[in-house]
Amino acid sequence: MSKVTSMQDAVRDLVRDGDTVAIEGFTHLINFAAGHEIVRQRRRDLTLARMTPDVIYDQMIGAGVARKLIFSWMGNPGVGNLHAVRRRVEKADPEPLELEEYSHFGMVSRYMAGAANLPFFPIRSYYESDIPVANPKILPMRSPYDDGTEVYVVPALRPDVAIVAAQRADDSGDTQIWGLLGCQKEVAFAAKRLIVVVEEVVEESVIRRDPNRTVIPGAIVDAVVEEPFGCHPSFAQGYYDRDNRFYLEWDTIAKQQETLDAWLDEWVHGTANHREYVEKFGDAHWDALRPEQALSGEVDYGRYA
Amino acid sequence: VSEPAATELGYSKSEIMIAASARLLGGARNCFVGVGLPNIVCNLAQRTVAPELQLIYESGVYGARPERLPLSIGDPTLATGATSIVSMYELFAYYLQRGHVDVAFLGGAQIDRFGNLNTTVIGDYAHPKVRLPGSGGACEIAIHAKQVLVIMRQAQRSFVEKLDFRTSPGHSGDPAHDAARGWSGSGPTNVVTDFGTYVFDEETGEMTLVSMHPGVTLDDIRGSMGWEVRLAHEVGETPAPTAQELSLIREELDPGGIYTK
């Protein structure tokens, strides 16, 4: 059965006020289109989880959809600060933002526990760091096997809804990713509801030709949204490059709440959907971000009839 | 503080920091890279003292061969042509935690004399004056990488007597304690600043000045850190970047001068 739907319907049906929402993607495959639609539909009191809250969460937090942030590194990668997040954390402007902070390994491991249906996950980190002082959910634990090892444990993270971007899926949600994998698979399995957003919906036969590349099975997917350039200004390997200029421009836009609001009014509230956002940039913008081809080699799976 | 002009010496502060850091990578194999200066350092080392160097990025890339200067640790140029791309769990668990990372780079807003680093907050944690990015992978990198190189610009506000927050552990100041930790890493090994280079004393774990860059005086060093600097028996002069190093940096690695001006 086809799970293909519009972004508008997917967000309306699956993202609720007060939810814990994870839009993952490590630099690669960050689904800005979903973030924008959540802003358009004016969701409130969300807890946003993400290893690296970057420009997408600065936009969403600046738009006022969230009350809490769970993270391991916040910043505009390669550029600097997240001004909207910092205003709320440093000055409670216009309102406070609750933080729950881990390291990257801790966040990944929280998703691992969620995905594997475990209560917590042990890692060797946090020794002699102040992070567990700041976040009492990170706890020391002695190995039960009497080997003298001390580990730290982090609690499972099971977002109410995860939004995972990928290059392609079939209409039932079998999803393939190449390039940087981030923690897309882990967050997909950890979440209670899952929206997959892809550059292209393809025939099932395309997926079946290369099963090793499938990271998410359709069985755990609630909705499939086809959204070309849905990750802009992030990127989709092989489809379009990271729009580094936008990340630089965001630094100026976000410095004042007024310019941030004006940007949201023009580019998010002022567009009905992501297709209009894409059209507003114009073809030349997208042509400039298209990489030259670099095809993978093929492998022989063999036919065993 | 006297700051020798780049024009006078023929190279910039960033360039001598890059060259001095790259020379520390001689013979290294698996190197955990960050963006900015560390990325240029590693690419320079690969072309000079460490041809076997494998570039590892926390985004999950092992053995990157970037065709352009990456502008983030997740730049698509790192994926195309790499030896392997793994999930972030695998990268942190199988590569880093398992002890397969020989050398890594860290920096921060604050460092203390034992190489502890703060990348979390300036001021009180609950009510910070400045909210910084946080750990990212730094905390576990500090614990597991066999060798940790710190590249930082030196100033009173960043080389401090006491950190506002300890994000990533360095040495404790008690060598017996450090030896009993059982971590796969040995803590920070070198600090390269815009003024000089430091190692950590084996007896005390304390940052120790081993060389000053050409034109830098001991007064410059003392005026830019929050504790009385410990000196090696002999403090030398950091060798200036060679013509080969400079041409690699300027013509191949950062032709736009984004990180090296």
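**Figure 1. Helices α9 and α10 of chain A.** In chain A, the axes of helix α9 (residues 244-253) and helix α10 (residues 257-267) come within 8 Å and cross at roughly 125 degrees. The model is a predicted one: local features need pLDDT of at least 70, side-chain atom pairs count only at pLDDT 80 or more, and totals for chains, interfaces and linings use all residues. Residues are numbered from 1 along each chain as its sequence is written, chains are lettered from A and ligands numbered from 1 in the order in which they are written, and side-chain values use heavy atoms, with hydrogens and water left out. Axes are lines fitted to C-alpha atoms, for helices over the stretch in contact, and angles run from 0 to 180 degrees between N-to-C directions. Helices (H or I, at least four residues) and strands (E, at least two) are DSSP runs, numbered from the N terminus. α9(A) and α10(A) are therefore oblique to each other; angles under 35 degrees count as roughly parallel, over 145 as roughly antiparallel, 65 to 115 as roughly perpendicular and the rest as oblique.

**Figure 2. Residues where α9(A) meets α10(A).** From α9(A), the residues A:Phe246, A:Trp250, A:Thr252 and A:Ile253 meet A:Thr259, A:Leu260 and A:Trp263 of α10(A). Sorted by class, the contact of α9(A) with α10(A) has 5 nonpolar, 2 polar and no charged residues. Contact means heavy atoms within 4.5 Å. Ala, Val, Leu, Ile, Met, Phe, Trp, Tyr, Cys and Pro count as nonpolar, Asp, Glu, Lys and Arg as charged, and the others, Gly among them, as polar.

**Figure 3. The buried residues of α9(A).** Which residues of α9(A) are buried? They are A:Asn244, A:Phe246, A:Tyr247, A:Trp250, A:Asp251 and A:Ile253. Buried means under 20% relative accessible area, exposed over 50%, and partly exposed in between (1.4 Å probe, protein chains only). The cover over the buried residues of α9(A) includes α2 (32-40), α3 (55-62), α4 (83-91) and α10 of chain A. An α-helix has 3.6 residues a turn, so residues three or four places apart point the same way.

**Figure 4. Helices α10 and α11 of chain A.** α10(A) packs against helix α11 (residues 274-281) of chain A at an angle of about 105 degrees, and their axes are 10 Å apart. That makes α10(A) roughly perpendicular to α11(A). On the α10(A) side the contact is made by A:Trp263, A:Glu266 and A:Trp267, and on the α11(A) side by A:Tyr277, A:Lys280 and A:Phe281. By class, the contact of α10(A) with α11(A) has 4 nonpolar, no polar and 2 charged residues.

Figure 5. A:Asp241 sits in the loop between β13 (223-226) and α9 of chain A. Is A:Asp241 buried or exposed? With 17% relative accessibility, A:Asp241 counts as buried. Leaving out residues up to four places away in sequence, A:Asp241 touches A:Ser234, A:Phe235 and A:Leu289, together with B:Arg68 and B:Pro76.

**Figure 6. A:Leu14 in helix α1.** A:Leu14 belongs to helix α1 (residues 7-14) of chain A. Its relative accessibility is 12%, so A:Leu14 counts as buried. Neighbours within four places in sequence aside, A:Leu14 is in contact with A:Asp19, A:Val161, A:Arg193, A:Ile195, A:Asp222 and A:Ala223. A:Leu14 and A:Val161 are 147 residues apart in sequence, while their C-alpha atoms are 7.2 Å apart in space.

**Figure 7. B:Pro214 in a loop of chain B.** B:Pro214 lies between β13 (207-212) and α8 (218-222) of chain B, in the loop. At 13% relative accessibility, B:Pro214 counts as buried. From C-alpha to C-alpha, B:Pro214 and B:Phe195 are 8.6 Å apart in space, and they are 19 residues apart in sequence.

**Figure 8. The chains behind the close-ups.** Chain A contains 12 helices and 13 strands. Of its 305 residues, 58% count as buried. The C-alpha trace of chain A spans about 65 × 55 × 35 Å along its principal axes. Chain B has 9 helices and 14 strands. Of the 261 residues of chain B, 59% count as buried. Its C-alpha atoms fill a box of roughly 45 × 45 × 35 Å along the principal axes.
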